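Hi,

Here is the structure I promised to pass on. Please open it alongside this message, and then read on for what I found.

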Amino acid sequence: MSLAMARGLIAHLIAFALILQGVELLKMIQQGAILKIWSKENLEREFKINLPLPLTWVEWFARIETFTYLAWGLILFGAAGFLKPSAFAFFALFVVHVATCIRFRGSLNGGSDSMTAMILIGVWISFLFKKESFASAGLVWIAVNVLISYGRAALAKVQQPEWKDGSALPSFLQQSFFPDIRALSEKISPENAKKLGWAVIAIEFIFVLSPLVQGTLLTALFL
């Protein structure tokens with residue numbers, strides 16, 4: 001696969017993911033979930049403990065109008081990055097994404113938020129430089145971070161009894177924001193939950209090792 005094709009695929013996928021995230025956030029705002037969970041009082045307490053910011057910043061982030069603008073920013077810059085990928089579009093997406101994470105304080109999923117930021121940085125670098133060696137460095141940055149992420153996750157899971165005895169996966173699904181996913185956790189038998197837990201660990205290890213074994217990368221990506 002050529003550099004241009006690989007870069008284009010990654011750019012389109014991450015842009016689409018952020019468009020979808022923006023739509024989801026607008027839906028959450030419409031349902032009032034943002035106001036209930038991430039109220040001004042909660043934000044002030046979180047910022048004071050974890051991220052000291054001036055009071056005016058806290059008030060800015062706490063306004064529901066501000067968060068609506070951030071959601072639309074994800075959608076609009078995501079659409080720009082999808083239709084015509086450029087360094088500007090992905091740098092703007094990175095800025096808006098980070099602002100969204102500051103508002104959430106990582107409450108949705110800190111790992112996926114961090115990985116999204118890493119991918120946006122890599123795509124931005126790959127479009128920023130015209131020289132192929134520099135542009136490819138952005139994709140190498142993404143690949144290294146993805147492999148490290150899967151490797152750390154696999155090592156952490158294999159050391160936890162909950163993942164090996166099958167209790168972790170239903171518990172993880174039970175924490176979902178969506179009722180249908182919580183209901184799914186109750187339908188998984190303990191025996192299947194144990195098999196699925198080990199399958200997740202195995203897939204993460206396979207993904208990390210796949211670049212070293214010729215012909216296994218597509219299988220790992222499919223899994």
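This is a predicted model: local features need pLDDT of at least 70, side-chain atom pairs count only at pLDDT 80 or more; totals for chains, interfaces and linings use all residues.

**Overall picture**

Of its 223 residues, 35% are buried. The accessible surface comes to about 13,600 Å², and carbon and sulfur atoms hold 68% of that. Among contacts with a separation of 6 or more, 65% are between residues 24 or more positions apart.

**The largest nonpolar core**

This core has 28 residues, and the members that touch the most others are Ile14, Phe90 and Val123. Two or more residues each come from helix H1 (3-31), helix H5 (64-83), helix H6 (87-104), helix H7 (110-128) and H8. H1 gives the largest share, with nine residues.

Setting aside neighbours within four places in sequence, Val123 is in contact with Ile10, Ala11, Ile14, Phe90 and Ile142.

**H8 against H12**

Helix H8 spans residues 132-158 and helix H12 spans residues 190-209. Their axes lie 8 Å apart, at an angle of about 145°, and H8 passes H12 in a left-handed crossing. On the H8 side, the contact is made by Val146, Leu147, Tyr150, Gly151, Ala153, Ala154, Leu155, Lys157 and Val158. They meet Trp198, Val200, Ile201, Glu204, Phe205, Phe207 and Val208 in H12. By type, the residues of this contact are 13 nonpolar, one polar and two charged.

**Ala220**

Is Ala220 buried or exposed? Its relative accessibility is 3%, and because buried means under 20%, Ala220 counts as buried. Ala220 sits in helix H13 (residues 217-222). Not counting residues up to four places away in sequence, Ala220 touches Ile206, Phe207 and Ser210. One of these, Phe207, is also among the H12 residues that meet H8. Ala220 and Ile203 are 17 residues apart in sequence, and their C-alpha atoms are 7.1 Å apart in space.

I hope this helps you find your way around the model.

Best wishes

Notes. Residues are numbered from 1 along each chain as its sequence is written. Side-chain values use heavy atoms; hydrogens and water are left out. Axes are lines fitted to C-alpha atoms, for helices over the stretch in contact, and angles run from 0 to 180 degrees between N-to-C directions. Helices (H or I, at least four residues) and strands (E, at least two) are DSSP runs, numbered from the N terminus. A crossing is left-handed if the near helix is turned anticlockwise from the far one by less than a right angle, and right-handed if clockwise. Contact means heavy atoms within 4.5 Å. Ala, Val, Leu, Ile, Met, Phe, Trp, Tyr, Cys and Pro count as nonpolar, Asp, Glu, Lys and Arg as charged, and the others, Gly among them, as polar. Buried means under 20% relative accessible area, exposed over 50%, partly exposed in between (1.4 Å probe, protein chains only). Accessible areas come from the Shrake-Rupley method with a 1.4 Å probe; for residues, only the protein chains shown count as cover. A nonpolar core is a set of buried Ala, Val, Leu, Ile, Met, Phe, Trp, Tyr and Cys residues joined through side-chain atoms within 4.5 Å.
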